[in-house]
Amino acid sequence: MDSTEVANLKRRVRLHYELGRAKRALLGLAPVVVLAGPAAIFGRHPSATGAFGAAAFVVGAAMLWYGRDPQRAVLPGVLAGFVPLVLALCSSRMHGCVGTNCMMTCVPVCSVGGLVAGLAVASIGNQRRAGVVFWLSASTLALLTGAMGCACVGYSGVAGLAVGFAAGVVPGLLRRAFTHGAA
Amino acid sequence: MQLTHEDEIEALLARLADGDRSVFSLVFKRLWVPMNRFCLSMLKHEADAADAAQQAMTKIFERASDYDPKRPAMPWALAIAAWECRTLQRKRFRRRESPEDAADEPADERAEANLICRDLTEAALTAMSELPEADRETLLATFLDEATSASGATLRKRRERALDRLRTSFRRLYGLD
């Protein structure tokens, strides 16, 4: 084979490598689709849940396809986001009533779920001594997964989730930054 | 400590599986020659070996993300190449068996093969016509798998003698075996 043929083969092989990764990424993110289905059925805003589910799927698949730190962040991110998602779905039809005043429990539950998810991401990030890319990737995916459930009361639920998540992840991130700086 | 060739390929494939595209060219370079050589040793045909090696490279890289760094890299890659060689062999075998595919062969090639076959048959019949009647009978019975008056060791000896005479006759007529 001459050099042109080898170059052509190399291009073709590279394309197959990327396609192989893409196929694997789409298969790997199938559980997110499985999560998004019941979340859209039980949630109060199926369109918002669907949109966050689609975003989680696309972002997660891109992370798996890219590989390296973003790939390693997919599982922790989805698992961390699973906590606020389940809590929000369970609470989406519950009310907290004090006397004659009733309020939806979705927002506080999302904040608590977000806090747990943030702590989980921070714990794994510190345990693995992961870089910024891992923290960002896991956080994005955790927020998108959690948002599928927290869209139960519109964007206030998502905002509650984000505040809770930040409260959980920022101390861990600061700890990581300081220990990394000291080392 | 210096890495062996195998260790190096394992390390490179592990990085490629992790998504490190910077090692792509190096992995390609390290695998292409051994894959080519391996396919050639299996198929004994240069063009077929090149086809199988290309197919194997495509499959290896398509599955590179599934490569388990705990497993040795070269046997993994060679197993894929061996599978491709066997697939190619099976395809070629089926093509030879299938009359529709045989019709796809170039008409010139088939005509030439038919001519050669006809010439050889004529030459063999001419050489056989010079043999005694008993030898002709023995050879025809052997060719057509028919029963003869003799059997066992006697038949074997008669067949050997007949073949020797046919060879001599063929050599005398055409100057070759």
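1. Helices here are DSSP runs of H or I with at least four residues, strands are runs of E with at least two, and both are numbered from the N terminus. Read along the sequence, chain A then follows the pattern α-α-α-α-β-β-α-α-β-α, which comes to seven helices and three strands.

2. A word on the ground rules. This is a predicted model, in which local features need pLDDT of at least 70 and side-chain atom pairs count only at pLDDT 80 or more, while totals for chains, interfaces and linings use all residues. Residues are numbered from 1 along each chain as its sequence is written, chains are lettered from A and ligands numbered from 1 in the order in which they are written, and side-chain values use heavy atoms, with hydrogens and water left out.

3. Let's begin with chain A as a whole. Of its 183 residues, 42% are buried (buried means under 20% relative accessible area, exposed over 50%, partly exposed in between, with a 1.4 Å probe and protein chains only). Contact means heavy atoms within 4.5 Å. Among contacts in chain A between residues at least 6 apart in sequence, 76% join residues at least 24 apart.

4. Next, look at helix α6 of chain A, residues 132-150. Its 19 residues reach 26 Å from first C-alpha to last, close to the 27 Å expected at 1.5 Å a residue (the expected span is 1.5 Å times one less than the number of residues). Because 14 of the 19 residues are buried, α6(A) is largely enclosed by the rest of the structure.

5. Which residues have the most contacts inside the largest nonpolar core? They are F52(A), V74(A), V121(A) and M148(A), in a core of 39 residues. Such a core is a set of buried Ala, Val, Leu, Ile, Met, Phe, Trp, Tyr and Cys residues joined through side-chain atoms within 4.5 Å. The elements giving two or more residues to this core are α2, α3, α4, α5, α6 and α7 of chain A, and the largest share, nine residues, comes from α6(A). Leaving aside residues up to four places away in sequence, F52(A) touches L144(A), A147(A), M148(A), A151(A), Y155(A) and V158(A). Apart from this core lies another, of 35 residues, among them V23(B), L43(B), A53(B) and A81(B).

6. R176(A) is buried yet has no salt bridge, and the nearest side chain of opposite charge, D69(A), is 8.6 Å away. Lys and Arg count as positive, Asp and Glu as negative, with His and the chain ends not counted; a salt bridge needs a side-chain nitrogen of Lys or Arg within 4 Å of a carboxyl oxygen of Asp or Glu. Among the residues that R176(A) touches are R129(A) and W135(A).

7. That R129(A) lies in the loop between α5 and α6 of chain A. Its phi is near 50°, a positive value in a residue other than glycine. R129(A) is exposed, with a relative accessible area of 66%.

8. Finally, the aromatic rings. Rings of Phe, Tyr and Trp (its six-membered ring) pair if their centres lie within 6.5 Å; planes under 30 degrees apart count as stacked, over 60 as edge-to-face and the rest as tilted. The count is five pairs over all chains. F28(B) and W32(B) are stacked, 6.3 Å centre to centre with 15° between the planes, and both are buried.
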